[in-house]
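Please find below my note on the model under review. It is set out as numbered points for reading beside the coordinates.

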Amino acid sequence: MATSSLKGKKVAFLATDGVEQVELTEPWKALEDAGAELHLLSLKGGSIQMMRHADKGDTFPVDFPVAEANSADYSALILPGGVANPDTLRTDRNAVQFVREFMASEKLVAAICHGPWLLVEADAVRGRSLTSWPSLKTDIRNAGGEWVDAEVQTDDKLITSRKPADLPAFCAKVVGALSAFAEESKLDRMVEQTFPASDPLPGPSAIGGTGASGEPSAEAR
């Protein structure tokens, strides 16, 4: 049953032709069920061709070309895999810049399978620990990252997984992390509204102390 834990949160998916179908549709469904607003960004409008391994899958409608998208509008970025998908995206200046902006802003970024190729191209894995499809191991290490063999690897706000079989754990981690960040943000806003930075500290009269004359305040009598 759908929940609303991510209501009001906008999440961007970045993919193009050749994306592995389940690596797009399964995280999409998990986030949609949690109440998030989702947009598929790609190199152009229309739709993209998804793949089921080596066979053609379904098509998926594109919401915006990545060149027209603003990373500041989104709370998280999802990078599905499939060999051809990230290999094409990493040759596009706008796609790489969009990923770079997300990593620099310290928002949630989640990549699976070959998706981390975009992180390598954006020079965003240096000093980080992540996983991927095993063939990316050398690329990640050469880019300064630490490659690990794990179902899900979390490094601060970067979440990565290896392959379609990891999708249940990957989706659960992404939804859980984004829900936690949303709750932290909500608490921060509540504190700011309750105790604005410009508010003066309570004086003695406000807490039942004495007035300027040294006599007990009216509230304290």
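1. Basis. This is a predicted model, in which local features need pLDDT of at least 70 and side-chain atom pairs count only at pLDDT 80 or more, while totals for chains, interfaces and linings use all residues. Residues are numbered from 1 along each chain as its sequence is written, and side-chain values use heavy atoms, with hydrogens and water left out.

2. The open sheet. Three strands form an open sheet in the order E2-E4-E5, with mixed pairing; its edge strands, E2 (19-20) and E5 (55-61), each pair on one side only. Strands here are DSSP runs (E, at least two residues), numbered from the N terminus, and two of them pair if DSSP finds at least two bridges between them. E2 runs parallel to E4 (residues 47-52), with 2 bridges between them; Val 19 has Met 50 of E4 as its bridge partner.

3. Strand E8. All 5 of the 5 residues of E8 (residues 108-112) are buried, so this strand is largely enclosed by the rest of the structure. Buried means under 20% relative accessible area, exposed over 50%, and partly exposed in between (1.4 Å probe, protein chains only). On one side of E8 lie Leu 108, Ala 110 and Ile 112, and on the other Val 109 and Ala 111.

4. Neighbours of E8. Strand E7 (residues 76-79) is parallel to E8 and joined to it by 4 bridges, with Leu 79 opposite Ala 111. Strand E12 (residues 158-161) is also joined to E8 by 4 bridges in the parallel sense, and Val 109 has Leu 158 of E12 as its bridge partner.

5. The largest pocket. Which residues lie nearest the centre of the largest pocket? They are Lys 9, Ser 75, Lys 107, Lys 157 and Phe 181, from a lining of 12 residues. A pocket is an open set of points on a 1 Å grid over the protein atoms alone, where a 1.4 Å probe fits, with protein on both sides within 12 Å along at least five of seven lines; lining residues have an atom within 4 Å of a point. Helix H6 (residues 167-194) gives the largest share of this lining, 4 residues.

6. Asp 92. This residue sits in the loop between helix H2 (84-89) and helix H3 (93-104), and is partly exposed at a relative accessible area of 22%. Asp 92 touches Leu 43 and Val 66, residues up to four places away in sequence not being counted; contact means heavy atoms within 4.5 Å.
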